[in-house]
Every structure is written in C-alpha cells, then in structure tokens.
Amino acid sequence: MLILENIRVALSALNANKLRSFLTMVGITIGVTSVIILVSIGQALESFVIAGFENIGSNLVVVFAPLVQSNSKLLTLNEVEALSDVFRVPDALYVMPQDNMNRQVVANGVEYVSRIEGVDVLYPTIFNRDVIGGRFFTQNEVDGLARVAVLGQKMVDRFFSDTFPIGQTIRISGVRFTVIGVLSTEGGEGLTTFLGGDADDIIVVPITTAQTRLSGERVITGERPVDFVAIQARSSDTVKSLADQIRQTLREERNISFRDEDNFQVVTQSAVLDTLNQITALLTLFLSLLAGISLIVGGIGIMNIMLVTVTERTREIGLRKATGAKNSDILLQFLTESMTLSLIGGGIGISIALTLAFLVTTFVPDLDVSVKFTTILLVVAISMSIGVFFGAYPANRASKLNPIEALRYE
Amino acid sequence: MLKLFKKGKEPEILRDELGRRAVIDIRQITKMYQMGDVEVHALRGVDLQIYEGEFVSIMGPSGSGKSTLMYILGALDQPTNGAYYLDGVDVSKLDEKQLAIIRNKKIGFVFQSFNLLKRTTALRQVELPLMYGGVSGRTKKAKAALEAVGLGKRLDHLPSELSGGQQQRVAIARAIVNEPAMILADEPTGNLDSRSGTEVMQIFQTMNREKGITTVFVTHDPWIARHTNRVIMLRDGVVVADRKVATPLVAGETERPSEAEELEGVFQEVYYGGKEEEYN
Ligand SMILES: Nc1ncnc2c1ncn2[C@@H]1O[C@H](COP(=O)(O)OP(=O)(O)OP(=O)(O)O)[C@@H](O)[C@H]1O
Ligand SMILES: [Mg+2]
C-alpha cells in the first residue's frame, strides 16, 4: 500500500515540475533508445550475415585481385586452369571463374543498364541457385561462346512483365542473346547481395561469351582477365588447406619470390565472417559507449534533480517524520521517485526505439530490425538500476535528515 | 538521582491528586545547542508532569525555550541531559524506528505554520499518520477526523484552496486521527486572525473535554491561555511559574476584552517581569 502511495506522491511531484522532470528524463531516454537500437540492429545484422552464408553455399573460397592493392594482378583463365589442376589443388571440388560487368540491355522495348555476370556451368551448384524456368547453359555452349542468357527474377519483371521470357531475344550492348532460363529468387538476403548487389537483378551469360563479346579487356600478356574465381572445398575441414594450395599454386604461376607479398587475395568464408564480426564489434562498441555515456549522464541528471528535490522538500520530510515516518519510509519514498523518473524516461526511450525499428524495417526491408521482448526487459532493468543507483545518495540524505532541522528549514 | 534512572529502573507512573496518570514526566531536562564555539542553553533543567486529560498552555517570551521543550516532548529531539517518560516509556532509550512509532501512535503535532503537504487533498493529509502506522480503514477514519473539526465538506480541497483557519483544522485532524495520547501544538493560533484562532481553540477544547485528549500548547496570547486549565511559564530555559486557571474561559462564549484587561488572571507580574529585550 505504501508503495502505491509512494508512486502517487512521486507522480504528482514530477507532474508539478513537468519541464524539469522531462529534461531530466532526456538522458535516460537517449541512453535507452540507443541500447535497444544497438542490440536490435546487432541481432538483425547477425541474422542477415548468417542467412547470407546459408544461401551462398558453404565451404567457398574466393580468389581475386583487390583494386585497393597497388601491386595486384588480375586473374586469367590460364590461372584458373592451373587452379583446376587436381594435383596442384587437390582439395578443390569445383572451380569457377566469374566476370561481372554493367551493360546496356534492350529487350521487349525496355532499355536498362543491367548487371551481367559471366559464369560457367557450375554457377547454380556453387551459389545454390535453382533454375525455375527453362534451363541453365551447358558446357558446350560455354565452349562455343553461345549467346544465351539466364535471367534473374527482377530482370524478368523489368523486361518481360507481359510476355513469357524464355525464347525471347535481348540485346546486351547491341549483341543479341536468347533467353534460355530463369533463376529462382534469391530473396535479396544472400551474401552475394551483401557483397555485390541484388542477386536477383542480374543476367547470367557464359563467361566465354561475356569476355569475347561484351568486354574487350585484356591483361599485358593478351589474356582475358576474370573478376574472381570461386572455389568450393571438398569439406569444411579442408577449407584452410585449400586456401593454402591456392596461394601456393598462384605464387608459382606468377613466379612470386618468397620475399614478395601476394599480388592477389584468397578469402575464405570464415575470413569474411571475421571481418564482418570486427565491423559489428566496432559498431557495437561505439554504440555501447554512446549508450553508456548517455545513461550515466542521465543518471547524474537524476541524482542532481533528486538532490534539488530533497532540499526543496526538507520541510515536507520533517513533517512526514513528525507524523511517524521512519527513515526507511523516507528512503523508499525518494527511491520510488527517482525510479519513477528513470522508468518513465526509459519508457519513452522504448517507444522511440520501437518506432525507429519499425521505420528501419519499413524502409530497409532486407534488415529485419525487430525488438525482442528480452531486450525490453533488459532496458527496464537498466532503467530501474539507474534510478536506484543514482537515487540512493539523495534518498539516503533525505532519510537521515534531522526532523527538527527539517521542520525549521526555510 | 540521575544515577537511579540510568540503572534502567522504570519509575512508577506518577499520579496526581485526582488519580490521573502522568502522560508526560520529565526530570531535570536540559538542552544545549552548539553553535560553533558558542553553547546555547535553551533549557536549563525543566521538571514537569502533565497528567492525562489536562489542557496545558506554555507561555514565555521569545527564545525562552518553548519550542525546544515541545520538540523534546514530541520525541522529535532528544534532551542533552535528564529523563523523559512518555506514558511510562523512557524515550531516551528508543532508537530511530521506535521514536517514529512513538510519534506516530502517541503524539499529534500541530505547528504554527500548519505544515500541510502541497498538492495533497485534505483527506490524504489526514490519512498520512494512518499510512505510516499501517492502519486499515484509513479513508473512513480520516473522514471522521475531518468531520470532527468541521471540514466534512472539504475532503478534496488542496491546502491552497483553504483558509488559514481551515488549514490549521486539517492539521488538527491529522494530529488526532491516530487517537494519540496527547496533542502538542506550538503556537497553533499564531498565524491566525482572532476569529479563526477562536475556532481552533474551540476544537481543542472540545477534543479535550469530550475525548479527554491531553493537550499541551504554546501561545503568546494570554487571552488564549486563559482558555486552558493550567498555564506554565517558561523563561530562560526554566519554569518560572506553573498555575491552575481558576475558571477557564469557554472559547467563543466570551468577547476578547481590551488589551489592558487581557492579562488579568494570568500572572501579569511574571510575564512582564523579564528584561525588555526578551520581547523583541
Ligand atoms: N537549532 C538551534 N541551534 C542553536 N540554537 C538554537 C536552536 N534552536 C533554538 N536555539 C536557541 O535556543 C533558544 C530557545 O529557542 P526556542 O525556539 O525553543 O524558543 P521559543 O521559546 O520557542 O521562542 P519563540 O517564542 O520565538 O518561538 C533560543 O535562544 C534559540 O536561539
Ligand atoms: Mg517557538
């Protein structure tokens, strides 16, 4: 009963100083908002990345020449040959070069600069993609530089919203291609999406055709380069040894002396994951710091205002003691007040965070930022602890007041 | 004599010639305040017994120690020396919690400045002691107390919506709601005009007469003091006079006489006997 009365007194005291109470709560509100956003975005990113790896197909190693590395040398099909040598790279199950480019595409009267991926027949296997209409191209078509194309769902929607796409002709950079198949939706969640754009918004063609018909690019030796080579290990245990074999083979192919650095990069899934984790950890650290600081500042604000309140209400405290309040009653009363303050501040923070999460999910559908109930429990606990921790000193001071001096206080 | 008390022997509860128990029994109480290097002796050895059902007024010039004495009687403060038995309980031996309980159950305090809580309705003000006492049926009891002081129609009024006299009556209702052994009032009419003062006096008299509540109050007003049964005069921290009032006035029945006549019957000589600066 006394608790209810304490809450009532606290609310009416806070209500009597609306602006002051509100300003005091702002710190807690910001802190709580950032804690929720931080935790929820962290969780969303995590599931996003995990979903990406589940989609991409496992045990993948990617070799490429990073643009940011000054000495890097583009990979060529000859090198892909070498990497496909089962004696030199025994742990490789599949080896597939890929060459991506953006080209003007005209089809069915629609014009659009599209993303073209030049791949070989292993593409559906390595990247876990299904062909839901028509078929994928064959090795013969790859060897014969056939002008055939397989479309992602969004390309189908863009060019062939009213016609059956298979058998239609499209022009990529003026070159005529025949549509032979349609890919299933990737869902826009995969790692391919994350790394290289929307995996549903692509046109897949044989790499040989892409290199000869769509790209004039050549390296110094006159060979045609590829963007990267995707290599799948035989099992998850051999990913590391596969990466070593790839490095060894490429260094030999390129005659890199033992003193020199690699002029290419071998990336394993776990390495990518590590990098992502590092980024997430950094983000988390930064946001935690922000949240922590605003929570502490909010707490100090509460302490400050509670000290003012105790001073202002010295006579009230004296009177309460004169009518029989024990020190513990006074302590509890002011603790209730500081907790009410921090809980309301936290409550506002929760509603702001929920609104923000809703907005993020609405505008970035790929990132499903949902606030978990446990997160809300967590911040409620944090708010209460702040109320108790920073309210303890003022409340203790109030409870120890000498009743006479309190009653005399002007 | 002090030694005897320190041995922890509770003295027998004193009784007066009518057989009434002493609610208040203080022996050689002193109170010293330390103000920096200066020692202020507010009370210099006060002996006083007040019996149940008595209606006592304490008078004396400003600074004579009246409030100090009231705070000690109200268990809000501890004496520097001496013993205080309240209803037979040695108050000096009580800890903080027990003192709070004593204040809650045995004492009703009324202040000159009302000391009502802001933003709190009359009803809730009066419920306060019941709340701290963990009493059930609070609303009913608080209502009854407010009705007893004639504020049955003002239950939901805030202090800012009440006149001074009404506020003081709320404070009185708050003091009596727990049915304490005594009411202590420090200049309860000091902030009121004479009409409101008379109303408040009427309430005190009625409470005392009908419920037999022991009442001690401080006043500067000899006319008010003549409404009580016994007047105690304090000066410089000692009791200088303690007399029964032969025929106490009944509040509201007699017109206040001219100032010259006011002191009639209330030891004029003692009141005006002090040095001049005491009255400033
Ligand atoms: N907290 C204190 N610290 C120091 N001195 C004090 C304190 N309280 C009271 N005194 C001193 O004790 C003496 C008695 O004070 P007290 O308040 O009891 O007088 P009083 O009789 O109630 O006066 P008044 O009629 O003005 O209310 C005064 O000299 C006063 O200055
Ligand atoms: Mg006084």
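**Exercise 1.** State how many helices and strands chain B has in this predicted model, and what share of its residues is buried.

Solution. Start with the secondary structure: chain B has 10 helices and 10 strands. Then turn to burial: of the 280 residues in chain B, 45% are buried. Last, take the contacts between residues at least 6 apart in sequence: in chain B, 70% of these join residues at least 24 apart.

**Exercise 2.** Find the residues with the most contacts inside the largest nonpolar core, and list the contacts of Ala173(B).

Solution. The largest nonpolar core has 116 residues. Those with the most contacts inside this core are Val126(B), Leu146(B), Ala173(B), Ile176(B) and Leu184(B). Next, take Ala173(B) and set aside its neighbours within four places in sequence: its contacts are then Val126(B), Ala145(B), Leu146(B), Ala148(B), Val149(B) and Leu151(B).

**Exercise 3.** Work out which way the residues of strand β6 of chain A point, and which strands pair with β6(A).

Solution. Begin with the side chains of β6(A), residues 148–151: Val148(A) and Val150(A) point one way, Ala149(A) and Leu151(A) the other. All four of these residues are buried.

With β8(A), residues 175–183, the pairing is parallel and runs over four bridges; here Val148(A) stands opposite Thr178(A). With β9(A), residues 202–206, the pairing is antiparallel, over two bridges; here Val204(A) is the bridge partner of Val150(A).

Notes:
Residues are numbered from 1 along each chain as its sequence is written. Chains are lettered from A and ligands numbered from 1 in the order in which they are written. This is a predicted model: local features need pLDDT of at least 70, side-chain atom pairs count only at pLDDT 80 or more; totals for chains, interfaces and linings use all residues. A residue is buried if 20 or more other C-beta atoms lie within 10 Å of its own, exposed if 12 or fewer, and partly exposed in between; C-beta atoms are placed from the backbone. Two residues are in contact if their C-beta atoms, placed from the backbone, lie within 7 Å. A nonpolar core is a set of buried Ala, Val, Leu, Ile, Met, Phe, Trp, Tyr and Cys residues joined through C-beta atoms within 7 Å. Two strands pair if DSSP finds at least two bridges between them.
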